[in-house]
Amino acid sequence: FVLRVRKEVERGKLRPDVADNFENLYYNYKNAVLQNGDPNAYQIMLSNMMDLFDRVLLDEENPFTFQPYHKAIREPFDYYTFGQNYIRPLVDFR
């Protein structure tokens, strides 16, 4: 995953400062998710980070500014569901 982030910097698709922050986020998120005891934690973490990284790359190409009031964007990418899936492995529901 980190190699892909660095490759996008080399290709000029991602600013180095964004890549550095993203790598830090990756390591912190990975460490937190892997502590939850789910046998699928690594795959869940990697899938969530890949989805997020794809969104970051798209936003670097074509930044989107949210207005103070806006309708929910559920397609072509469902950001609400993504947010739920991203946070879920960090919550101990017990």
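Is F82 buried or exposed? At 13% relative accessibility, F82 counts as buried, where buried means under 20% relative accessible area, exposed over 50% and partly exposed in between (1.4 Å probe, protein chains only). This is a predicted model, so to speak for local features a pLDDT of at least 70 is needed, side-chain atom pairs count only at pLDDT 80 or more, and totals for chains, interfaces and linings use all residues. Residues are numbered from 1 along each chain as its sequence is written, and side-chain values use heavy atoms, with hydrogens and water left out.

Now for the overall picture. The protein has four helices and zero strands, giving the pattern α-α-α-α along the sequence; helices (H or I, at least four residues) and strands (E, at least two) are DSSP runs, numbered from the N terminus. The C-alpha trace spans about 40 × 35 × 20 Å along its principal axes. Of the 94 residues in the protein, 24% are buried. The accessible surface comes to about 7000 Å², and 52% of that belongs to carbon and sulfur atoms; areas like this come from the Shrake-Rupley method with a 1.4 Å probe, and for residues only the protein chains shown count as cover. Contact means heavy atoms within 4.5 Å, and among contacts between residues at least 6 apart in sequence, 62% join residues at least 24 apart.

Helix 1 (residues 2-10) and helix 2 (residues 16-33) have axes that come within 10 Å and cross at roughly 175°. Axes here are lines fitted to C-alpha atoms, for helices over the stretch in contact, and angles run from 0 to 180 degrees between N-to-C directions. The two helices are therefore roughly antiparallel to each other; angles under 35 degrees count as roughly parallel, over 145 as roughly antiparallel, 65 to 115 as roughly perpendicular and the rest as oblique. Helix 1 brings V2, V5, R6 and V9 to this contact, and helix 2 brings P16, A19, F22, E23, Y26 and Y27. By class, that makes eight nonpolar, no polar and two charged residues, with Ala, Val, Leu, Ile, Met, Phe, Trp, Tyr, Cys and Pro taken as nonpolar, Asp, Glu, Lys and Arg as charged, and the others, Gly among them, as polar. E23, in helix 2, counts as buried at 11% relative accessibility. Leaving aside residues up to four places away in sequence, E23 touches V2, V5 and R6.

Helix 1 also packs against helix 3 (residues 41-61). Their axes lie 12 Å apart at an angle of about 10°, and the pair is therefore roughly parallel. R4, V5 and E8 of helix 1 meet M50, F53, D54 and L57 of helix 3, a set with four nonpolar, no polar and three charged residues. Elsewhere in helix 3 sits Q43, which is exposed with a relative accessible area of 54%. Q43 and Y26 are 17 residues apart in sequence and 13 Å apart in space, C-alpha to C-alpha.

Then there are the aromatics. A search of the whole structure turns up nine aromatic pairs; rings of Phe, Tyr and Trp (its six-membered ring) pair if their centres lie within 6.5 Å, with planes under 30 degrees apart counted as stacked, over 60 as edge-to-face and the rest as tilted. F82 and Y86 make a tilted pair, 5.6 Å centre to centre with 35° between the planes. Both lie in helix 4 (residues 79-87), four residues apart, about one turn of the helix. Y86, at 10% relative accessibility, counts as buried. One aromatic cluster is formed by F1, F22, Y26, Y27 and F53.
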